[in-house]
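Biologist: Before I rely on any label in a description, I like to see the value set against its cut-off. Could we go through a few of them that way?

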Amino acid sequence: MAMIRGASFCLLFFSSFLVLASVQGNPNYKDALAKSILFFQGQRSGMLPKTQQITWRSNSGLSDGQLANVDLTGGYYDAGDNIKFNFPMAFTTTMLSWSTLEYGKRMGPELQNARASIRWATDYLLKCATATPGRLYVGVGDPNVDHKCWARPEDIGTSRTIYWVSPSNPGSDVAAETAAALAAASMVFKKVDPKYSMLLLNTARNVFQFAMQYRGAYSDSLGSAVCPFYCSYSGYKDELLWGAAWLLRATNDVSYFNILESLGADDGTDMFSWDNKLAGARVLLSRQALLSNDKNFDPFKQQAEDFMCRILPNSPFSSTQYTQGGLIYKLPGSNLQYVTSITFLLTTYSKYMSATKHTFNCGSLLVTPSSLKNLAKKQVDYILGENPLKLSYMVGYGPYFPKRIHHRGSSLPSLASHPQSLGCDGSFQPYLYSSNPNPNILTGAIVGGPNQDDGYPDERTDYSHAEPATYINAAIVGPLAFFAGSYTG
């Protein structure tokens with residue numbers, strides 16, 4: 001699982017990559033966009049459709065929910081394991097929806113694929129929110145059991161543990177994030193499927209009401225089922241802000257603005273991730289200040305610009321480290337998740353600024369739309385191969401990319417090539433610890449990324465750097481669409 005975890009730095013480099021010629025011109029953003037969305041098909045749980053393009057995957061998790069006599073099939077496995085964690089899955093869904101809302105017109109033929117990737121998640125999240133009155137299901141599969149197995153999703157057992165929050169065991173963070181996902185997705189489907197859109201929005205309202213009424217962190221309610229994997233380290237106030245912001249955008253209901261004002265979530269931040277939503281909520285809300293000139297939203301605009309001043313490398317207020325190759329570097333565990341999420345905010349705020357010819361200052365530094373756009377492009381291009389190793393961190397994109405990603409399904413023989421079950425713990429030695437390339441290409445997957453010295457060992461056991469995750473990809477879909485519409489590949 002690709003989350004915030006410490007890891008020893010690996011200083012190994014691909015010497016062969018160091019002598020390669022530089023990538024010429026702009027990367028092929030359209031190709032990268034298509035692959036970034038295709039990746040989600042490789043993470044699918046449930047009954048796969050006939051349109052499935054990642055064909056080494058098969059049906060899995062078909063009995064999910066049966067221990068509670070409910071149907072919890074579908075959704076996505078979060079990363080390289082076989083668990084459905086709803087907290088990061090809901091964030092993934094919110095980001096895919098935001099990407100589609102902001103950049104759908106630049107997606108071309110990928111727009112319908114983006115919608116399909118969102119719906120695969122929202123169909124599942126709807127089940128989780130409506131299957132049992134008074135409960136929000138928030139996960140399927142015991143992570144402590146799953147991590148003792150190196151097994152294909154197609155081989156997982158039928159007795160999968162189910163987790164939920166309720167009034168007596170609250171989870172304001174996961175509930176508000178689920179509400180955000182459903183509200184954002186309701187706007188994606190508003191014109192193409194109005195009935196489904198209304199179902200999403202009504203469910204979002206109900207789930208958010210639950211989050212507000214029964215306050216508490218889901219980590220406290222569920223303990224080792226979610227910690228240390230996806231603990232709510234930042235608390236739940238940021239999710240309440242995020243959820244209210246999305247419901248406000250979806251409904252224009254002033255009650256959600258009143259909630260925003262009452263929360264007092266004013267902490268400064270230089271982070272945006274599945275755990276900490278403050279910066280994302282502020283950029284989302286600043287849209288009203290910039291595009292609608294609504295002064296009520298000016299405080300959020302100021303906070304969004306404070307965030308940008310903490311990110312920009314030449315800002316006097318910068319608190320962000322960069323590698324020598326120019327990559328934003330936040331934490332050793334799965335650093336590219338922060339890069340893609342922050343890059344999304346850079347392109348999106350740049351877009352709002354451009355629409356209104358807005359500029360701002362970080363001390364004596366004048367920040368223009370191009371300031372943010374250029375930094376975002378540097379991050380995207382680095383991921384796509386314009387880096388010291390000349391290595392694309394997106395699997396299947398470019399001539400050189402990671403071959404030994406930390407991902408069970410990708411690293412094990414497919415069901416088609418090996419119909420017999422591979423079992424639970426017999427595959428560590430021949431597959432996890434093997435130096436052979438993965439037999440199945442998880443096209444579009446973005447791995448955790450290089451270390452602080454721009455090095456990448458391409459070792460399957462190195463989950464901090466070699467593991468892909470849904471939320472790494474979800475956040476880069478928007479920037480890729482942004483640049484696909486600006487440059488020819």
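Biologist: What makes Asp31 count as partly exposed?

Modeller: Asp31 has 27% relative accessibility, and since buried means under 20% relative accessible area and exposed over 50%, with partly exposed in between (1.4 Å probe, protein chains only), Asp31 belongs in the middle class. This is a predicted model, in which local features need pLDDT of at least 70 and side-chain atom pairs count only at pLDDT 80 or more, while totals for chains, interfaces and linings use all residues. Residues are numbered from 1 along each chain as its sequence is written, and side-chain values use heavy atoms, with hydrogens and water left out.

Biologist: How do you know that the side chains of Asp31 and Lys35 meet in a salt bridge?

Modeller: A salt bridge needs a side-chain nitrogen of Lys or Arg within 4 Å of a carboxyl oxygen of Asp or Glu, and the Asp31–Lys35 pair is at 3.1 Å, N to O. The two residues are four apart in helix H2 (residues 29-42), and therefore separated by about one helical turn; helices here are DSSP runs (H or I, at least four residues), numbered from the N terminus. Lys35, with a relative accessible area of 18%, is buried.

Biologist: Which parts does the salt bridge of Arg287 and Glu102 tie together?

Modeller: This pair stands at 4.0 Å, N to O, and joins helix H11 (residues 278-291), which holds Arg287, to helix H3 (residues 86-103), which holds Glu102, so that parts 185 residues apart in sequence are tied together. Arg287 is partly exposed at 24%, whereas Glu102 is buried at 8%.

Biologist: What does the salt bridge of Lys277 and Glu177 connect?

Modeller: At 2.6 Å, N to O, Lys277 pairs with Glu177; Lys277 lies in the loop between helix H10 (254-263) and H11, and Glu177 in helix H6 (residues 172-188), so this bridge spans 100 residues of sequence. Both partners are buried. Elsewhere, salt bridges with shared partners link Glu102, Arg249, Arg287 and Lys351 into one network, and the structure holds 18 salt bridges.

Biologist: How do you know that the length of H11 agrees with its number of residues?

Modeller: The expected span of a helix is 1.5 Å times one less than its number of residues, which for the 14 residues of H11 gives 20 Å, and its end C-alpha atoms are 20 Å apart, so the two agree.

Biologist: And why is H11 described as mostly covered?

Modeller: Of its 14 residues, 11 are buried, among them Leu278, Val283 and Leu290. Their cover includes H3, helix H9 (237-251), H10, helix H12 (298-311) and helix H13 (336-356), where contact means heavy atoms within 4.5 Å.

Biologist: Why are H3 and H6 called roughly parallel to each other?

Modeller: Their axes, lines fitted to C-alpha atoms over the stretch in contact, with angles from 0 to 180 degrees between N-to-C directions, come within 8 Å and cross at roughly 25°. Angles under 35 degrees count as roughly parallel, over 145 as roughly antiparallel, 65 to 115 as roughly perpendicular and the rest as oblique, and H3 and H6 are therefore roughly parallel. Among the residues that meet there are Phe87, Ala90 and Phe91 of H3, and Val174, Glu177 and Ala181 of H6.
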